[in-house]
Amino acid sequence: SEWSFVLTDVMGRTVLQGTLPQATPPAVTARVRAIYDPDASGPFARYGYRVTGVSLTNPTVLQVAYYDDYRFLSLAEFRSCSLEYSPVEGFNDRRYGNNSNLQAAKGLMTGNAVALLEESPSLLASAFYYDDKARCILSVSQNHKNGQERVYTNYNYTGSPLWQYQYHTSAPAKVFTQAQLTSLRQWYRYS
């Protein structure tokens, strides 16, 4: 008595996945697409998507993905997540573009959210930032302890990681003392 759904954008990339609490499959009226629209209405509006070609009633979203830009960060669902880009000491700040540049991350996954099923279901959000060679230089993710995971990566000229800094927090705060922060720095050497 439950159906799974997978919805794609116009490029064929999976953007919404979830379940429907119904015994029969929904009727498809046209080509089904999920279109990013921050002003959308309907069951996927809180995630910034408008769905065409099918009517889905009471969907439970298990995963949502964003591509090409960072407009999703301004949605109410993501505003309080603190997923913004911020460099740290020792990090080669080589971010390509910024949040308002709609071409810099074209073709790349810029964010996602995954359901935490033990909760009501709530979503754990992530954002991914890239350099001019489309390498992920920063990933920022919420964790199940209401904190964050941040992974910064510097690359050499061949694209191999040179340096990686990861930190984990278990409390939502903007500034952390060393006692609140669990971190790991790694350096890589190639011959």
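## Terms and overall form

A residue is called buried when its relative accessible area is under 20% and exposed when that value is over 50%, with partly exposed covering the range in between. With these words in hand, the structure can be described, bearing in mind that the model is predicted.

The chain contains 1 helix and 11 strands, and, when read along the sequence, these elements follow the pattern β-β-β-β-β-α-β-β-β-β-β-β. Along the principal axes, the C-alpha atoms of the chain fill a box of roughly 55 × 35 × 30 Å. Among the contacts in the chain that link residues at least 6 apart in sequence, 49% join residues that are at least 24 apart.

## Surface and charge

Of the 191 residues in the chain, 41% count as buried. The chain exposes about 11,000 Å², and carbon and sulfur atoms supply 50% of that area. As for charge, the chain carries 17 positive and 15 negative side chains, and the centres of these two sets lie 5 Å apart.

In soluble globular proteins, nonpolar side chains tend to be buried together. Here the largest nonpolar core has 44 residues, and those with the most contacts inside it are L16, F44, Y49, V64, Y66, F72 and F78. Strand β7, which spans residues 122-130, gives this core its largest share, namely 6 residues.

One of the residues with the most contacts inside the core is F72. Once its neighbours within four places in sequence are set aside, F72 is in contact with Y36, Y66, F78, T110, G111, S126 and A127.

## N154 in strand β9

N154 is found in strand β9, which covers residues 148-155. With a relative accessible area of 6%, N154 counts as buried. Not counting residues up to four places away in sequence, N154 touches G90, F91 and N92, and also S160, P161, L162 and W163.

A disulfide is a covalent bond between the sulfur atoms of two cysteines. The rule applied here asks for a pair of cysteine sulfur atoms within 2.5 Å, and by this rule the count comes to 0 disulfides. The closest cysteine sulfur to that of C81 belongs to C136 and is 17 Å away, which is too far for a bond. C136 is accordingly in no disulfide, the sulfur of C81 being its nearest cysteine sulfur.

Is each of these cysteines buried, exposed or partly exposed? C81 is buried, because its relative accessible area is 7%, whereas C136 counts as partly exposed, because its relative accessibility is 25%.

Conventions: Residues are numbered from 1 along each chain as its sequence is written. This is a predicted model: local features need pLDDT of at least 70, side-chain atom pairs count only at pLDDT 80 or more; totals for chains, interfaces and linings use all residues. Side-chain values use heavy atoms; hydrogens and water are left out. Helices (H or I, at least four residues) and strands (E, at least two) are DSSP runs, numbered from the N terminus. Buried means under 20% relative accessible area, exposed over 50%, partly exposed in between (1.4 Å probe, protein chains only). Contact means heavy atoms within 4.5 Å. Accessible areas come from the Shrake-Rupley method with a 1.4 Å probe; for residues, only the protein chains shown count as cover. Lys and Arg count as positive and Asp and Glu as negative; His and the chain ends are not counted. The place of a charge is taken as NZ of Lys, CZ of Arg, CG of Asp or CD of Glu. A nonpolar core is a set of buried Ala, Val, Leu, Ile, Met, Phe, Trp, Tyr and Cys residues joined through side-chain atoms within 4.5 Å.
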